[in-house]
Amino acid sequence: MTGVAEQSVSAKVRDFLAGTKLLYIDGRFVDAASGRTFVTYDPATGEHLADVAHGEAADIDRAVRAARRAFDEGPWASMKPNERERLIWRVGDLLTERAADFGQLEALDNGKSAAIASAVDTAWAADVFRYYAGWATKIEGSTVNVSMPFAPGGQFHAYTLREPVGVCGLIVPWNFPLLMASWKLAPALAAGNTVILKPAEQTPLTALMLAEIFEEAGFPPGVVNVVPGFGDAGAALSAHEDVDKIAFTGSTEVGKKIVDAARGNLKKVTLELGGKSPNIVFADADFDAAVQGSLNAWLFNHGQCCVAGTRLYVENTIFERFTQAVAEAASKVKIGPGLDPTTELGPLVSQEQLDRVTGYLRDGLADGARALTGGRRWGETGYFVEPTVLVDVKPEFSVVREEIFGPVVAAMPFDADDGIVTAANSSIYGLAAGIWTRDISKAHCTARLLKAGSVWINQYNGFDTAMPFGGYKQSGWGRELGGAAIDLYTQTKAVNVAL
């Protein structure tokens with residue numbers, strides 16, 4: 001860490017970062033089988049942050065075998081639901097107690113604001129664990145009144161059981177490292193599964209701190225395993241013959257590779273993938289609210305958000321005034337490191353991501369786009385990009401079609417008489433959408449026609465733990481959060497008894 005960072009973080013975080021961070025397998029922190037390590041960097045400075053044990057296929061195999069033993073022979077699957085409930089609830093309580101530490105660590109490893117990471121990411125993760133702790137005692141089967149026409153006169157007692165899937169591989173991205181881990185871990189554990197968590201190589205640290213919390217909460221060995229590594233580790237987990245399910249959040253490109261790798265034993269797969277979400281502003285919208293909401297739609301988490309409203313469609317009668325207002329607001333956003341409490345826009349996660357986003361900016365401007373504000377890297381240290389509002393764009397531009405994953409929005413006018421739904425739906429993705437209007441009928445009618453898993457009206461990023469989340473088209477398979485997530489981690493058994 002830099003001197004400034006050392007002065008800004010708690011003693012617990014400094015202690016955590018001291019020494020090599022190890023894998024967590026079968027209830028123990030262990031070295032990688034190869035003895036190799038890799039470096040994670042502070043994106044605000046580009047400097048060395050920590051050394052992390054480099055998990056590979058051999059380590060994935062160790063973790064899978066531990067999870068299999070814990071599921072087949074250990075106490076977890078046979079544990080009473082209310083006992084699992086208490087343990088999972090305890091994780092939520094411990095996250096709340098250490099929210100400031102998790103926030104600081106996330107700021108150092110990911111770049112996001114420590115204040116937001118504590119108050120939003122960690123607080124929400126704690127809420128997710130508590131929410132699914134309650135589900136542990138509410139997973140039920142049903143009785144079925146069967147007819148059995150080919151057994152006339154017979155009497156039968158038929159019922160269904162909902163059982164855990166088994167060993168689950170959970171692969172999470174770098175944009176919300178702790179939060180995305182909670183979205184998968186909590187329902188998987190509530191349903192009685194055992195898990196191997198593979199965090200992104202760019203941001204492995206909060207997953208390893210979370211492993212400490214599982215140990216402190218009293219989870220049996222092998223129930224939760226954490227193996228940081230690169231794509232080869234994720235591929236090994238996805239292809240492993242003794243893994244029953246893979247849950248992945250990340251790019252659509254990698255999601256397709258996950259599907260290919262899972263074919264061997266036809267393991268269950270759920271995917272939360274990319275997006276290029278439309279945010280639609282009608283002329284009758286509350287102007288000021290829509291400006292602020294549309295700004296947050298693509299600047300939240302520095303634009304590194306799969307649901308980001310990066311295709312901004314504004315009714316032509318207000319287009320120029322509205323986009324100028326968004327650009328002016330964006331130009332006033334405070335840029336800085338996540339440990340600075342005044343920071344509103346932090347760095348991108350890595351040099352690779354900086355190169356990706358600035359490359360899109362160069363391509364967009366070369367194609368003929370015009371930046372109302374931004375358009376460049378910010379500063380010479382760290383991975384910062386200016387918030388950028390692009391106009392004069394066409395549907396075929398890469399900045400309109402492709403997921404940039406940075407603080408960049410492409411704004412386009414539309415004519416209300418021509419409609420907006422066709423343009424909004426003209427994407428391979430279908431993750432989210434926003435609508436701004438005072439006309440409630442227009443809002444509902446438009447929402448019904450949009451091909452998106454989440455539609456937010458007069459708001460953006462309107463998440464809740466009880467609301468299902470997932471995408472249409474190439475934005476994924478399945479739904480996380482809410483009761484829908486329990487379906488992802490259980491399977492149904494039909495039992496029919498002749499009386």
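**Entry 1: before starting**

I remind myself that this is a predicted model. I keep the residue numbers as they run from 1 along the chain.

**Entry 2: the second largest pocket**

I began with empty space. Rolling a probe the size of a water molecule over the atoms shows where such space is left. For the second largest pocket I noted a volume of about 280 Å³.

Which residues lie nearest the centre of this pocket? I found Ile116, Leu299, Phe300, Glu344 and Leu345 there, out of 19 residues that line the pocket. Sorting the lining by class, I wrote down eight nonpolar, seven polar and four charged residues.

Next I looked up where the lining comes from. Helix H6 (114-135) and helix H11 (287-299) each supply at least two of its residues. H11 gives the most, with four residues. I also checked the domains: domain 1 (12-273 + 476-496) and domain 2 (278-457) each bring at least three residues to the lining of this pocket.

**Entry 3: strand E13**

Is E13 (residues 311-315) mostly covered or mostly open? I found it mostly covered, with five of its five residues buried. Arg311, Tyr313 and Glu315 point one way from the strand, while Leu312 and Val314 point the other way. Residues on both sides are buried.

Then I looked for the partners of E13. Strand E12 (residues 278-281) pairs with E13 in the parallel sense, over four bridges. In this pairing I saw Val281 standing opposite Val314 of E13. I followed the chain from E12 through H11 to E13, and this β-α-β crossover is right-handed.

Strand E16 (residues 408-414) is also a parallel partner of E13, here over five bridges. I noted Leu312 opposite Ala411 in E16.

**Entry 4: Gly406**

Where does Gly406 sit? I placed it in the loop between helix H14 (398-401) and E16. Gly406 has a relative accessible area of 1%, and because the cut-off for buried is under 20%, I count Gly406 as buried.

Last, I looked up the spacing between Gly406 and Gln353. They are 53 residues apart along the chain, and their C-alpha atoms are separated by 8.2 Å.

Conventions: Predicted model: local features only at pLDDT ≥ 70, side-chain atom pairs only at ≥ 80, totals over all residues. Heavy atoms only, no water. 1 Å grid on protein atoms, 1.4 Å probe; cavity = no way out; pocket = protein on both sides within 12 Å on 5 of 7 lines; lining within 4 Å. Points joined across faces, edges and corners; volume = space filled by probe spheres on them. Nonpolar A, V, L, I, M, F, W, Y, C, P; charged D, E, K, R; others polar. Domains from an automatic or database assignment. Buried < 20%, exposed > 50% of the residue type's maximum accessible area, 1.4 Å probe, protein only. Pairing = 2+ DSSP bridges. Right-handed = clockwise from strand over helix to strand, strands pointing away.
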